[in-house]
Every structure is written in structure tokens, then in C-alpha cells.
Amino acid sequence: MHCILSVLSLVLAICIQQVSAFHFYLGGDKPQEQCFYQDLHEDTVLATKHHAMEYDPNTQQYTRPSNLYLQVTIEEVFNNNHRVYNQKLESVGDATFTAFDSGEHKICYRAMSGGWFHPSKVKVILDIARGTSANIDSSNSKKLTTLAERVRDINAKMEHIKQEQHLMREREASFRDQSESTNANTIKWTLFQIVALGATCAWQLHHLRGFFMKQKLV
């Protein structure tokens, strides 16, 4: 019985993802690059979350500047240090890597800024989760559910906006048709008035000419 429990404990330890958290420093009196090693099996997922802060000598505290980045590289030590991952990440974020082959992997972090110089001193808080893709995905299921709910809310709001825009376009089309009809009627009435006025003037001139001829004024 004790042997069976030991085997089950070993299986659970292998199946459950391994999580570790630590921090390290870059720059200042520390190296500009910090590396550590992970022995990964094929198809093992390595998920990391990092939070980098730069030391401010004025306040003597670590803050998060907008121009701070982390250059993350992963190399296969067993394959002549073949680089399989190279990304420039925000100072706060995460990264996911899947091992293609089994063996020792070298993970390195280097602090970078938006300017020409390296940051003076940077503190990096790093969380590492190692396991299968199913374990990693299940740990983020709540976040994905929340994200899906937000997407649905945004889609509902966009649909409502589309309906409002469609109604506004219908109102604009109706108003435009009414305006065009009113303008057409106004033009017709104006032309009719011009024709009537011209006919009236012609009749009056003809009548006056006849009147003057009768009076022998012409």
C-alpha cells in the first residue's frame, strides 16, 4: 500500500505544473544580463510572468518607466546553444515557450531602455510555470473567460451602435428626400411665378399700347 501511494505521489508530481517565483537584479553592480537553466522535456510548456522596475536615485525606490524593456532569449544548450527564442517584451508582461526537443535550455534576461544606454539598475520579479499545455491553459481559464465576456459585451455595444447608425441613416435619407422634394416644389413654384409675371407684363404692355393708339398718343 505504501508503495502504491509513493507511485501515485510521483505521478502527481510529474503531471502537476511546477511553479517557482524569484527576483534578480540587472545593471549597476550586477551584470547587464542574467541567465538561468531549465532542463525541459520535449513539448514542455514554459510560461513566465515578469515585472521589471528601474531604480530611481532621487526617490531611492524602484519605479516602472515607460521606456523600460526586457530582451528575453532562450537557447538550446545541448544543440550548440542554438537560439530558439528572442523577443523584446514590455517591462510588465508574460511569455510562453514550448520546448521542441528534450535537454537543457538557457534562458537569459537583459534590460533595455528606449535610449542609447542601458538602465542603471533594474529589479526583475519573475514567476515561472512549467508543465503541459493543458495545465498552463487551465491556469488561465478564468482570465480567458473574463476576456470572452468582455468581448461579448463589446460586440453587443457595437451591435447597438450599428443599429443606432442605421436608424440615423434612415432618418437622414428621409430628411434628404423631403428636402429634395421641397426644393423641387419651390423651383416649380418659382418658375410658375416667373411665367405668370412675364405673361402679366406682356398683357399689360399690349393693353397699354392699344389704349395709347386709341387715344392717338402713339
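Where is the place of aspartate 39? I looked, and aspartate 39 lies in strand β2. First, a note on the ground rules. I am reading a predicted model, where local features need pLDDT of at least 70, side-chain atom pairs count only at pLDDT 80 or more, and totals for chains, interfaces and linings use all residues. Residues are numbered from 1 along each chain as its sequence is written, and side-chain values use heavy atoms, with hydrogens and water left out.

**Entry: the overall layout**

I listed the elements. The chain has 3 helices and 9 strands. I take both as DSSP runs, numbered from the N terminus: helices are H or I with at least four residues, strands are E with at least two. From the N terminus on, the order is α-β-β-β-β-β-β-β-β-β-α-α.

Next came the surface. The chain exposes about 16,200 Å², and carbon and sulfur atoms supply 58% of this area. Accessible areas come from the Shrake-Rupley method with a 1.4 Å probe; for residues, only the protein chains shown count as cover. Of the 218 residues, 22% are buried. Buried means under 20% relative accessible area, exposed means over 50%, and partly exposed is in between (1.4 Å probe, protein chains only).

I also checked contacts, meaning heavy atoms within 4.5 Å. Among contacts with a separation of 6 or more, 75% join residues 24 or more positions apart.

**Entry: aspartate 39**

Back to the opening residue. Aspartate 39 is exposed, at 51% relative accessible area. Which residues does aspartate 39 contact, leaving aside neighbours within four places in sequence? I found Gly103, Glu104 and Arg130. Aspartate 39 and glutamate 104 are 65 residues apart in sequence, yet their C-alpha atoms are 4.3 Å apart in space.

**Entry: threonine 44**

I moved to the loop between β2 and β3, where threonine 44 sits. Is threonine 44 buried or exposed? Threonine 44 is buried, with a relative accessible area of 12%. Its side chain reaches the backbone oxygen of histidine 41 at 2.9 Å. Beyond four places in sequence, threonine 44 is in contact with Phe97, Thr98, Ala99, Arg130 and Gly131.

**Entry: the nonpolar core**

How many residues does the largest nonpolar core have? I read 22, and those with the most contacts inside this core are Leu26, Leu70, Tyr85, Tyr109, Val122 and Val124. The elements giving two or more residues to the core are β1 (18–27), β2 (33–40), β3 (45–56), β5 (68–76), β6 (82–90), β7 (92–98), β8 (103–113) and β9 (121–131). Such a core is a set of buried Ala, Val, Leu, Ile, Met, Phe, Trp, Tyr and Cys residues joined through side-chain atoms within 4.5 Å. In soluble globular proteins, nonpolar side chains tend to be buried together.

I picked out tyrosine 85. Not counting residues up to four places away, tyrosine 85 touches Val72, Thr73, Ile74, Ala95, Thr96 and Phe97.

**Entry: salt bridges**

I counted 2 salt bridges, each a side-chain nitrogen of Lys or Arg within 4 Å of a carboxyl oxygen of Asp or Glu.

Glutamate 33 pairs with arginine 110, with the closest N and O atoms 3.8 Å apart. This pair links distant parts of the chain: glutamate 33 is in strand β2 and arginine 110 in strand β8, 77 residues apart. Glutamate 33 is partly exposed at 32%, and arginine 110 is partly exposed at 28%.

Glutamate 75 pairs with arginine 83, with the closest N and O atoms 3.0 Å apart. Here glutamate 75 is buried at 13%, whereas arginine 83 is partly exposed at 44%.

Terms used
Polar contact = N/O pair within 3.5 Å; in protein donor to acceptor, adjacent residues only side chain to side chain.
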